[in-house]
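Q: Could you walk me through this fold, one feature at a time? I would like the general idea of each term, then the case at hand.

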Amino acid sequence: MQYSYTARIFASAIVVAVPLAACQSGSGDVVTQASSRAEAAAAAAGTGAECASAALKLKAYQAARRPAGTGTGAVIVEFTNVSKQPCILRGHPSVAGAGNGSTQRSTALKVTRTGSPSTVRLAPRARAWVKLTFVQVQGEGPGYCLSGAEPSVYPALLIGLPRSGTHRVALTDGRIAECDNKVTTTAVSAVKPS
């Protein structure tokens, strides 16, 4: 019984062969080589590793469809895989308004999630998106919030995705102005929202 149990575990494991020369030469990190090969095998199998923080470049711009008002309304956040390996993104983002020059001054926004999360596989240079919809500022000048709260204005957003780090991103066309520190987010998608 012990033998068949061990055989089943071994049959389901991924075995990575590292050339003996790599172990003896002292050149190269054997653990890194084995890890890279395991990630390549997983990617070939259609799964892949989550996109590391350094593998992603973010861009944010105002959405074409946004609620009526004078604030930011809605933002599209675009994730580009700038690495040379495919990787995956999944889930809904966390969102915070970035403080001026200090993460201690950042304000976590209350997130309402829409849509079902799915896994998006990004080839090198491929993109994925999320749409963030804010409680809109009303009126002229600094504006006002329908709730009676003061509007908040942020120079940038802090966007986090599970196992893919937190990224600071500023709008390409303005600043983030919103009410009530609330945001509705879509899940990461391979389809660009409007």
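A: Gladly; let us begin with a salt bridge, meaning a side-chain nitrogen of Lys or Arg within 4 Å of a carboxyl oxygen of Asp or Glu. Arg-90 makes one with Glu-50, and their closest N and O atoms are 2.7 Å apart. This pair links distant parts of the chain, 40 residues apart: Arg-90 is in strand E3 (residues 87–90), and Glu-50 is in the loop between helix H3 (30–44) and strand E1 (56–62). Before going on, note that this is a predicted model, where local features need pLDDT of at least 70 and side-chain atom pairs count only at pLDDT 80 or more, while totals for chains, interfaces and linings use all residues. Residues are numbered from 1 along each chain as its sequence is written, and side-chain values use heavy atoms, with hydrogens and water left out.

Q: How many salt bridges does the structure hold, and which residues does the network of shared partners join?

A: The structure holds three salt bridges. In another of them, Arg-163 meets Glu-50 at 3.2 Å, N to O. Arg-163 sits in the loop between strand E10 (157–160) and strand E11 (166–169) and Glu-50 in the loop between H3 and E1, so this bridge ties together parts 113 residues apart in sequence. Glu-78 also forms a salt bridge with Arg-127, with 3.6 Å between the closest N and O atoms. Here strand E2 (residues 74–81) holds Glu-78 and strand E8 (residues 127–135) holds Arg-127, 49 residues apart. Through shared partners, Glu-50, Arg-90 and Arg-163 are joined into one network.

Q: Which strands pair with E8?

A: Two strands pair if DSSP finds at least two bridges between them. E2 and E8 run antiparallel and are joined by seven bridges, with Val-77 opposite Val-130 in E8. E8 also pairs with E12 in the antiparallel sense, over four bridges, and there Leu-132 stands opposite Thr-185 in E12. Elsewhere, an open antiparallel sheet of four strands has the order E5-E4-E10-E11. Its edge strands, strand E5 (107–108) and E11, each pair on one side only.

Q: Which residues touch the most other members of the largest nonpolar core?

A: A nonpolar core is a set of buried Ala, Val, Leu, Ile, Met, Phe, Trp, Tyr and Cys residues joined through side-chain atoms within 4.5 Å. The largest has 26 residues, and those touching the most other members are Val-77, Phe-79, Leu-89, Leu-132, Phe-134, Leu-157 and Ile-159. E8 gives the largest share, four residues. A second, separate core has five residues, including Tyr-61 and Trp-129.

Q: Where are the disulfides, and how many are there?

A: A disulfide is a pair of cysteine sulfur atoms within 2.5 Å, and the count comes to two. One joins Cys-51 to Cys-87, S to S 2.0 Å. Cys-51 lies in the loop between H3 and E1 and Cys-87 in strand E3, so the link ties together parts 36 residues apart in sequence. With 85° about the S-S bond, this link is right-handed. The other disulfide is formed by Cys-145 and Cys-179, whose sulfur atoms are 2.1 Å apart. Cys-145 is in the loop between E8 and strand E9 (152–154), and Cys-179 is in strand E12, 34 residues away. This link is left-handed, with -90° about the S-S bond. Cys-51 and Cys-87 are both buried, and so are both Cys-145 and Cys-179.

Note on methods: Helices (H or I, at least four residues) and strands (E, at least two) are DSSP runs, numbered from the N terminus. Buried means under 20% relative accessible area, exposed over 50%, partly exposed in between (1.4 Å probe, protein chains only).
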